[in-house]
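Biologist: I'd like to learn how to read a model like this one. Could we go through it feature by feature?

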Amino acid sequence: MMGVLIAAVKIICSTIQFNYLLEDFKASYIIFFISLGLGIIVILASGLMLKKQLGEAAILKNVFRGVFLTILIGVFLSYTFEQVWMLADSSIADKIFAGQKNYLKSYPNGEQQLAKLEKQHLDAKNAPFSFVNFFTGLMVDIVRYSILGFIFALAISRKKQVQ
């Protein structure tokens, strides 16, 4: 259930970002960090709820298993949603590029970065959809969140010392 909640939060944030904030690079980062923060809160809440439910059996392995399942469901659903939307709407890549381009104009010596960005944009625009790239990106997201999940599971499953 918590995995679906993570997916819902990330999908809502992605929808706001895709519809309104793509050309404003700073605002896109703000919505990204809001999405990340809310995702972290849900993962932590999931671990705490699991610890309460498991009681004495709340060892690292059991807590991480529950947190990982939450992460797996949430990241898979939200990542798939984002990729399908970007595949269906080809203007998203152009809007992201325009936002990055405007942002780089404010940087000193941004011309070098801009040339590199233009090359990356053209390469990405001409690249066909690939399941390998899709699953690679998905696995990277799962690993990133799983590291946080492991840290949370470690902290949550820790027993307090009685003196």
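Modeller: D141 is partly exposed, because its relative accessibility is 21%, and the class limits are under 20% for buried, over 50% for exposed and in between for partly exposed (1.4 Å probe, protein chains only). Keep in mind that this is a predicted model, where local features need pLDDT of at least 70, side-chain atom pairs count only at pLDDT 80 or more, and totals for chains, interfaces and linings use all residues. Residues are numbered from 1 along each chain as its sequence is written, and side-chain values use heavy atoms, with hydrogens and water left out.

Biologist: Which residue does D141 meet in a salt bridge?

Modeller: The term calls for a side-chain nitrogen of Lys or Arg within 4 Å of a carboxyl oxygen of Asp or Glu. Here the partner of D141 is R144, with 3.8 Å from N to O. The two are about one helical turn apart, because they sit three residues from each other in helix α6. As for helices, they are DSSP runs of H or I with at least four residues, strands are runs of E with at least two, and both are numbered from the N terminus. R144 is exposed, since its relative accessibility is 56%.

Biologist: Next, pockets. How do I read empty space?

Modeller: The idea is to roll a probe the size of a water molecule over the atoms, which shows where empty space is left. On a 1 Å grid over the protein atoms alone, a cavity is a set of points where a 1.4 Å probe fits but cannot get out, while a pocket is an open set with protein on both sides within 12 Å along at least five of seven lines; lining residues have an atom within 4 Å of a point. Points are joined across faces, edges and corners, and the volume is the space filled by probe spheres set on them. In this model, the largest pocket holds about 1800 Å³.

Biologist: Which residues lie nearest the centre of the largest pocket?

Modeller: Those are F18, E82, Q83, M86 and I96, out of 40 lining residues. Two or more lining residues come from each of α1 (2–21), α2 (25–54), α3 (60–88), α4 (91–105), α5 (110–126) and α6 (131–157). By type, the lining has 22 nonpolar, 13 polar and five charged residues. Nonpolar covers Ala, Val, Leu, Ile, Met, Phe, Trp, Tyr, Cys and Pro, charged covers Asp, Glu, Lys and Arg, and the others, Gly among them, are polar.

Biologist: What about the surface: which residues form the nonpolar patch?

Modeller: Patches take residues with over 30% relative accessible area and no salt bridge, joining like charges within 9 Å and nonpolar side chains (Val, Leu, Ile, Met, Phe, Trp, Tyr) within 5 Å. Areas come from the Shrake-Rupley method with a 1.4 Å probe, and for residues only the protein chains shown count as cover. The patch consists of V4, L69, L72, I73, F76 and L77, with about 470 Å² of accessible area together. Helix α3 gives the largest share, five residues, while V4 belongs to helix α1. V4 is partly exposed, because its relative accessibility is 45%.
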